[in-house]
Amino acid sequence: MKFFHLIWCNLKRKKLRTSLTLLSILIAFVLFGFLSAIEQALVGGVQLAGADRLVVRQKVSIINLLPVSYEARIDRIPGVDFSTHQTWFGGVYQDPKNFFMQNPVEPEKFLKIHPEIILPPEQMKAWLATRTGAIVGRRTAERFHWKIGDRIPIQSTIWVQPDGSRTWEFDIVGIYDGKDKGIDTTPLFFRYDYFDEVREAGGQNWAKGQVGWYTIRIKDPSQAAEVAKRVDEEFENSPTETKTEPEGAFIQGWANAIGNIVFIVAAILGAVFFTILLVAGNTMAQAVRERTGELGVLKAIGFTNGRVMALVLAESCLLSMIGGVVGLGLARAITPVVAEKLAGLLPMFFFPTRALFTGLGLSVALGLVTGIFPALQAMRLRVADALRRM
């Protein structure tokens with residue numbers, strides 16, 4: 001801090017150049033923040049997936065249904081604690097842009113197998129007592145200003161009512177929260193028994209007794225591969241064969257449908273930071289060349305080579321860290337606003353804390369890398385050569 005004023009004055013020497021370089025670094029870190037949030041939204045669920053949970057789906061595609069009778073057979077397989085099922089409903093609220101997940105489930109089993117979902121006991125009782133009852137996540141309830149007791153119309157893109165209408169009405173009997181911040185609290189869940197009864201009356205007998213996929217809790221997570229194999233062997237050569245995989249792999253499969261998210265994010269960030277590296281490095285190199293005579297004076301009055309090198313590195317790191325801190329701060333401030341707009345498509349879109357520390361580390365590394373060569377040049381500068389250039 002002793003020479004902070006000197007370093008700061010050097011940055012202000014060419015204000016336009018410094019400002020443009022600072023803006024470039026700032027934009028790079030804003031982009032880093034947004035891409036980190038996107039990666040979190042698409043693959044963050046993999047990290048939160050239960051190690052003791054497997055997902056069973058139809059072998060060819062998840063859009064093909066499985067018989068509800070499979071549940072009893074799955075529960076008898078060695079290593080399985082119990083299982084439950086879900087089915088994709090595919091509805092929207094009032095407008096196609098108001099999309100979020102809705103699934104019919106078995107209430108008691110569903111909450112037992114997903115302890116990360118927190119629902120008050122009295123609301124659970126109301127759900128079991130209400131045929132058309134549904135529970136909804138806190139985030140969606142706040143998004144549409146729903147409260148317990150509201151009757152909500154959901155327009156399904158797949159399932160029809162007995163009168164031919166695709167509008168299903170559900171009574172909100174509970175609003176649940178997530179145990180951790182990363183838990184998705186956007187879906188709506190309603191009772192499978194009501195769903196199966198009404199869709200049959202609606203003329204969709206082909207789907208009677210069919211479900212989308214099963215979630216299994218296993219007794220020993222270390223035996224996950226063996227249990228998955230036993231489940232698939234149970235239904236081998238049946239009309240509806242299965243594919244069983246860990247819940248994390250199942251979630252990753254959804255993300256991989258878009259592409260290798262981690263690779264895409266890394267490639268974009270790599271290109272951006274390489275460009276910024278060239279820009280900032282050129283700025284520091286020019287700054288050192290312009291101050292050759294001044295650096296010679298500093299050495300002449302007693303500054304050591306190491307101290308001169310440290311001054312140039314400190315200048316580069318300060319420039320990079322200002323841009324990085326401001327950029328990360330902007331990304332963190334704007335992300336919640338964007339998240340509200342993307343709540344249906346990317347329910348877990350938020351700025352992860354780990355990205356903040358990674359970004360700060362990157363800003364320091366960027367400052368060191370862009371400043372090291374100009375700093376070495378300044379350190380090796382001979383006093384006599386420097387003074388001749390004044």
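**Figure 1. Y192 and F195, two buried rings in helix α7.** Both Y192 and F195 are buried in this predicted model. The two residues lie three apart in helix α7, about one turn of the helix. Y192 and F195 form an aromatic pair with 6.2 Å between ring centres.

**Figure 2. F170 and Y194, an edge-to-face pair.** The structure holds 22 aromatic pairs. One of them joins F170 and Y194, edge-to-face, at 6.3 Å centre to centre. The angle between these two planes is 85°. F170 belongs to strand β9 (residues 167-178) and Y194 to helix α7 (residues 192-201), so this contact ties together parts that are 24 residues apart in sequence. F170 and Y194 are each buried.

Figure 3. Ring pairs link F89, W159, W168, F170, F190, Y192, Y194 and F195 into a cluster. Over the ring of W159 sits the charged end of R199, 5.1 Å from the ring centre.

**Figure 4. K112 over the face of F82.** Here a lysine meets a ring. K112 lies over the face of F82. The distance to the ring centre is 4.7 Å.

Figure 5. In one of them, the side chains of R53 and E116 meet at 3.1 Å, N to O. R53 lies in strand β1 (residues 53-58). E116 lies in the loop between α4 (107-113) and β6 (117-118). The pair links distant parts of the chain, 63 residues apart. R53 has a relative accessible area of 5% and is buried. E116, at 17% relative accessibility, also counts as buried, because the cut-off is under 20%.

**Figure 6. K59 and E241, a salt bridge between two loops.** The side chains of K59 and E241 meet at 3.4 Å, N to O. K59 is in the loop between β1 and β2 (66-67), and E241 is in the loop between α8 (224-234) and β13 (242-246), so the bridge ties together parts that are 182 residues apart in sequence. K59 counts as partly exposed, at 47% relative accessibility. E241 is partly exposed as well, with a relative accessible area of 23%.

Figure 7. R191 forms a salt bridge with D193. Their closest N and O atoms are 2.8 Å apart. R191 is buried, with 13% relative accessible area. D193 is partly exposed, at 44%. Elsewhere, salt bridges that share partners join E71, D75 and K109 into one network.

Figure 8. Helix α13 runs over residues 353-380, 28 residues in total. At 1.5 Å a residue, the helix should span 40 Å. Its end C-alpha atoms are 41 Å apart, which agrees. The helix bends by about 40° at I372. A proline, P374, follows within four residues. Buried residues of α13 include A355, G359, S363, L366 and G367. Also buried are T370, G371, P374, A375, L376 and A378.

Technical notes:
Residues are numbered from 1 along each chain as its sequence is written. This is a predicted model: local features need pLDDT of at least 70, side-chain atom pairs count only at pLDDT 80 or more; totals for chains, interfaces and linings use all residues. Side-chain values use heavy atoms; hydrogens and water are left out. The expected span of a helix is 1.5 Å times one less than its number of residues. The bend at a residue is the angle between axes fitted to the seven residues ending there and the seven starting there. Buried means under 20% relative accessible area, exposed over 50%, partly exposed in between (1.4 Å probe, protein chains only). Rings of Phe, Tyr and Trp (its six-membered ring) pair if their centres lie within 6.5 Å; planes under 30 degrees apart count as stacked, over 60 as edge-to-face and the rest as tilted. A charge sits over a ring if NZ of Lys or CZ of Arg is within 6 Å of the ring centre and within 35 degrees of the ring normal. A salt bridge is a side-chain nitrogen of Lys or Arg within 4 Å of a carboxyl oxygen of Asp or Glu.
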